[in-house]
Amino acid sequence: MEVIIIGAGIGGLTLALALEARGIACRVYESAPAVTPIGVGINILPHATRELTALGLEEALTTVGIATAESCFYNRFGQFIHREPLGRHAGYDWPQISIHRGDLQALLYRTFIARAGADRVVTGWRCTRIEQDADGVTACFTCADGRALPPQRGAVAVGCDGIHSTIRKQLYPAGGDPIYSGVNMWRGVTRAKPFLSGASYVRAGWLTHGKLVIYPIRNNIDAAGHQLINWVVEIETPKFKQRDWNRPGRLEDFIGAFESWRFDWLDVPALLRASEMVLEFPMVDQDPLERWSFERMTLLGDAAHPMYPRGSNGAGQAILDARALADSLVEHADDPTAALRAYESRRLPATAKIVLMNRSSPPDVVIREVYLRTGDKPFRNIDEVISKDEILTLTDNYKRIAGYDRAALGRRAGPAGGRTSSPPESV
Ligand SMILES: Cc1cc2nc3c(=O)[nH]c(=O)nc-3n(C[C@H](O)[C@H](O)[C@H](O)COP(=O)(O)OP(=O)(O)OC[C@H]3O[C@@H](n4cnc5c(N)ncnc54)[C@H](O)[C@@H]3O)c2cc1C
């Protein structure tokens with residue numbers, strides 16, 4: 001019997017690829033009518049690109065996305081605070097990738113159906129409930145108009161169904177409303193000339209008056225050599241709307257905070273005004289769960305551990321979950337319940353730490369420190385405000401907790417069950 005995967009997002013499709021690489025049959029059930037490129041930019045850190053590399057995807061990732069070269073911090077006056085190399089540029093064996101979420105999802109989807117067959121992903125199937133017995137699971141579905149579809153049997157079921165997870169709600173009917181951080185986000189993409197190195201991940205300003213995160217996610221999108229630039233604005237805002245990745249936002253709700261941001265390397269208000277669209281999303285997370293695995297059912301990715309999108313870890317942790325679950329199913333091939341318990345004990349404590357760390361000390365705490373120490377005024381010399389050592393302590397601490405500091409990653413065993421081949425031509 002096969003593994004039933006609920007949700008063809010980043011986590012569900014990576015799990016499907018990892019199972020296929022290990023010879024375990026699976027089928028993915030997605031509620032959307034088709035896998036279409038939605039979302040804006042995300043970053044995949046080296047510990048997660050390591051897993052995608054093991055699945056034969058590194059070359060395609062660096063073609064479709066951008067191997068991020070450096071992380072840079074500025075204040076809201078455009079004064080430079082700190083720069084550090086990223087991914088291979090920092091000596092890792094794997095790149096950090098900035099990529100359109102839809103491009104990553106499409107890459108995973110096309111690679112999986114090329115390897116496993118198109119019938120292994122079905123769209124337009126919304127899972128409503130999972131039943132289980134001693135021999136397996138039965139997943140129940142409806143189609144878009146609410147009609148019931150035939151129930152599907154499998155050995156185990158994995159809820160990879162994102163922040164509004166139906167499976168999580170089934171397991172925790174009373175539990176866990178989203179917790180608002182007090183910060184609202186607006187996101188978009190703009191076609192523009194490359195800035196700084198052409199592969200820079202920039203964080204500037206601070207949440208009180210407005211923080212900006214920008215990075216390019218597609219190269220050479222036209223004959224003029226423009227890039228698709230992803231931007232995220234974060235501002236402390238008392239009210240928030242229910243989280244919805246596709247909720248449209250309004251430029252006038254935040255542009256005022258950035259009118260004076262004209263740096264010698266970027267005209268910020270012009271970049272924001274030229275955006276192809278504006279999306280609004282509240283920075284919310286949920287308290288870590290005590291358990292993900294219930295006999296033959298478990299959770300993965302955002303369904304298991306929704307976190308603030310502050311440390312570029314949402315997609316990456318889903319990818320790491322997928323590797324751990326695939327390994328556990330191989331190690332406990334005769335006992336699915338033990339496999340899901342082993343997966344949970346590998347991943348739940350690690351992701352819970354990141355959920356909490358993203359609340360208290362995400363990597364952008366560097367710009368918070370500068371904001372506080374300068375009283376939000378321009379500085380004369382950054383070394384008088386904060387030393388290089390202090391900055392490195394702050395950024396290295398996050399890497400350590402989030403599981404991607406270079407020394408530890410190099411020491412850990414390499415990914416198993418992987419491929420070295422490139423993905424098929426069609427990808
Ligand atoms: C439309 C969309 C846009 C996004 N945009 C961004 C973005 O711009 N930036 C960012 O950082 N993150 C974005 N994300 C979230 C990001 O992909 C995740 O945080 C991260 O990749 C973890 O992936 P995941 O697989 O756990 O969840 P997701 O990638 O969210 O995937 C969950 C999947 O499950 C499907 N699903 C949900 N309920 C059911 C059900 N009952 N039955 C069957 N299928 C179901 C969803 O349609 C979706 O395809 C977006 C997610 C979605 C769904």
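Tutor: Before we start, axes here are lines fitted to C-alpha atoms, for helices over the stretch in contact, and angles run from 0 to 180 degrees between N-to-C directions. This is a predicted model, where local features need pLDDT of at least 70 and side-chain atom pairs count only at pLDDT 80 or more, while totals for chains, interfaces and linings use all residues. Residues are numbered from 1 along each chain as its sequence is written, and side-chain values use heavy atoms, with hydrogens and water left out.

Student: Thanks! At what angle do α7 and α8 pack?

Tutor: About 160°, with the axes 7 Å apart; α7 covers residues 314–331 and α8 residues 336–360. Helices (H or I, at least four residues) and strands (E, at least two) are DSSP runs, numbered from the N terminus. The pair is therefore roughly antiparallel, a label for angles over 145 degrees.

Student: Which residues of α7 and α8 meet?

Tutor: Among them are Leu-320, Ala-324 and Asp-327 in α7, and Tyr-343, Arg-346 and Ile-354 in α8. Contact means heavy atoms within 4.5 Å.

Student: Switching to the sheet, what is the strand order?

Tutor: It is an open sheet of 5 strands, β8-β2-β1-β12-β20, with parallel pairing. Two strands pair if DSSP finds at least two bridges between them. β8 (121–123) and β20 (297–299) stand at the edges with a single partner strand each, so one side of each has no neighbour in the sheet.

Student: How many bridges join β12 to β20?

Tutor: There are 3, with β12 spanning residues 156–159. Ala-157 stands opposite Met-297 in β20. Helix α8 packs on the sheet too, touching β12 and β20.

Notes:
Parallel < 35°, antiparallel > 145°, perpendicular 65-115°, else oblique.
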